[in-house]
Amino acid sequence: MTLEVYDPTGAVEAPVTFAKRLDTLAGKTIAQVGHSWEAHRTHPLIRELLEGMYPTAKIIPHTEMPDYTDPELLARSAKEQQCDAVILGNAS
Amino acid sequence: MGIPTTLVLRKGFRFVVQNGISGMGLPREVPTVYEFPVQMFLPNSDLTPIRENIDKIVYALTQWQPAATSKGTSSAKVTIQGEDYAQALSTMNFLFLRNQWSDGQPVLPATEERVQWILTGTDLAPDTAIGKIMPRGGIATVTQVAVALAMVGGRPEYLPVLIAGVQAMVQPKFLLRQVNASTCPMVPALVVNGPIAKQIRLSSGYGCMGSDPNRPAAAAIGRAQRLLQQNLGGAIPGIGTMANYGPQRAINAVLAEDEEGIPEGWGPPLNVERGFSLGSNVVTAVQVSGWTNVALSGGDADVPAERMKEYLCRVASFMGTPSLNNWGYTSNTGTGVGVTRDIFRPFRYRSDDPDYTAGLVLIPRGWAADLQAAGYSKETVKAFLWEASKIPWPVMRQVGLTKRALVEEYPAGQPVPITRSPKGIMIVVGGGEQSGHAFWMQPGNAYLATSQEISLPRNWHALLQAAEEDLGPLPAIK
């Protein structure tokens with residue numbers, strides 16, 4: 001007896017590729033995004049550490065960026081502020 | 001965005017994030033190399049893991065590379081062997097459990113024959129893409145929807161409702177990615193209005209929140225809907241959905257409004273409130289995270305109108321529970337020390353949206369009639385519940401929710417309503433003739449309801465005739 005049944009997981013499209021990584025964070029603009037789960041403590045510490053490692057980098061605090069709950073607004077804002085990279089949090 | 005991004009990832013959420021990334025059309029990978037401990041994201045936590053792993057964040061933005069640059073899978077079939085049908089069926093169920101394709105309960109084989117039978121329930125082409133089930137982004141074609149229905153023993157006449165339910169769920173404002181992935185245990189409840197409910201034996205009466213041998217439609221549609229959330233959306237417990245409790249997973253919550261039970265002149269049914277015409281077949285999707293029965297018997301007052309007030313206050317007392325789950329003005333996520341109320345201003349759009357829903361109250365037809373006799377219309381019931389469910393400011397402070405109340409509208413010290421206006425309270429008549437109980441279904445952390453008109457196939461009456469032959473006449477139980 002042979003049963004031929006459908007795979008219930010269907011199809012997934014993956015037409016997009018990940019953005020190319022940066023050669024360095026020096027001199028780059030990096031945005032922090034996300035207000036949740038102690039973001040007011042974790043993001044500033046990350047910012048402080050990155051600024052120590054890359055004094056020429058510009059870190060945009062999460063309080064100056066839209067939240068990830070509105071991805072289109074976030075993408076638009078990141079481009080308007082000429083962000084080179086984004087650190088998304090918090091505790092996703 | 002085309003901008004390299006990394007995440008401050010919480011341990012245990014890698015698969016959830018993978019699903020989310022997959023849903024955005026990227027390969028199913030996460031651009032991080034470190035998962036931070038859960039405890040780090042709690043108040044007064046030790047942030048040493050950030051100090052010790054800042055290089056991992058730098059690495060993720062500068063050196064991390066995905067294993068694949070593109071990925072695509074297509075719907076396929078699986079062959080199962082067995083000495084006889086029973087053994088093949090058993091083998092298939094074991095395989096489906098191993099692959100995380102079933103819901104833990106036995107499933108029927110979605111064979112070509114069974115799926116084609118289910119597909120007679122729609123005039124849509126089988127390869128029509130209804131939408132992506134987020135966060136994983138599995139494509140809900142008409143065939144995949146029929147496959148889910150076939151697996152749970154569904155029938156063709158259920159397909160139009162399930163398709164409309166999926167159409168409602170995939171609307172962006174329904175936030176399905178959040179419903180399916182969150183730690184908040186949300187169920188996308190489907191409320192059906194219109195003659196189709198009776199035609200397919202969808203319960204609006206006794207036991208309408210559960211399975212019913214006389215009205216098997218709800219359990220099949222809800223279970224198939226859940227399989228789609230799992231198999232296309234990636235909502236596997238502890239892997240793709242981090243819902244702590246996940247109640248009602250077995251059959252979700254699919255019910256019809258008891259339109260015949262709405263007292264004349266009391267108020268419009270839900271589909272009309274949602275902008276559709278009276279008598280239209282409509283599915284309304286509203287996510288709920290919990291529910292409770294509210295007993296409506298006994299009371300102090302002898303005067304009926306006063307007794308109704310007591311009962312409404314009982315319902316309102318549940319509605320006014322100061323839980324984050326009914327706190328939809330703002331962000332869904334945790335706050336912290338140092339966060340001001342102003343920070344939640346960007347999120348106010350949710351309560352401004354006309355689809356904003358602070359929860360669903362089910363009222364049995366018997367109580368609806370009692371309320372009307374006491375002078376309450378549907379509109380005045382909403383107004384009463386809205387007023388009576390306001391949360392006193394000291395309670396807000398006690399439970400730590402004062403930062404979530406919008407600064408301008410709900411100044412400190414004043415009672416805070418659970419939604420901007422009474423319109424945000426959804427009331428549906430259902431649950432049978434007896435008037436002794438109501439049912440409160442609180443929202444989760446997504447708050448916007450969506451509705452979709454149901455499209456019937458040209459062969460609709462033939463399908464109903466076939467159902468009558470298969471299932472026999474419907475018992476005359478409300």
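In strand 4 of chain A (residues 85-88), A:Val86 is the bridge partner of A:Ala31, helices (H or I, at least four residues) and strands (E, at least two) being DSSP runs numbered from the N terminus. Strand 4 of chain A pairs in the parallel sense with strand 2 of chain A over 4 bridges, where pairing requires that DSSP finds at least two bridges between the strands. The model is predicted, with local features needing pLDDT of at least 70 and side-chain atom pairs counted only at pLDDT 80 or more, whereas totals for chains, interfaces and linings use all residues. Residues are numbered from 1 along each chain as its sequence is written, and chains are lettered from A and ligands numbered from 1 in the order in which they are written.

Strand 2 of chain A (residues 29-33) is largely enclosed by the rest of the structure, because 4 of its 5 residues are buried (20 or more other C-beta atoms within 10 Å of the residue's own, with C-beta atoms placed from the backbone). Strand 2 of chain A is also joined by 3 bridges to strand 3 of chain A (residues 58-60), the two running parallel, and A:Ile30 stands opposite A:Ile59 in strand 3 of chain A.

Methods
Buried ≥ 20, exposed ≤ 12 C-beta atoms within 10 Å, placed from the backbone.
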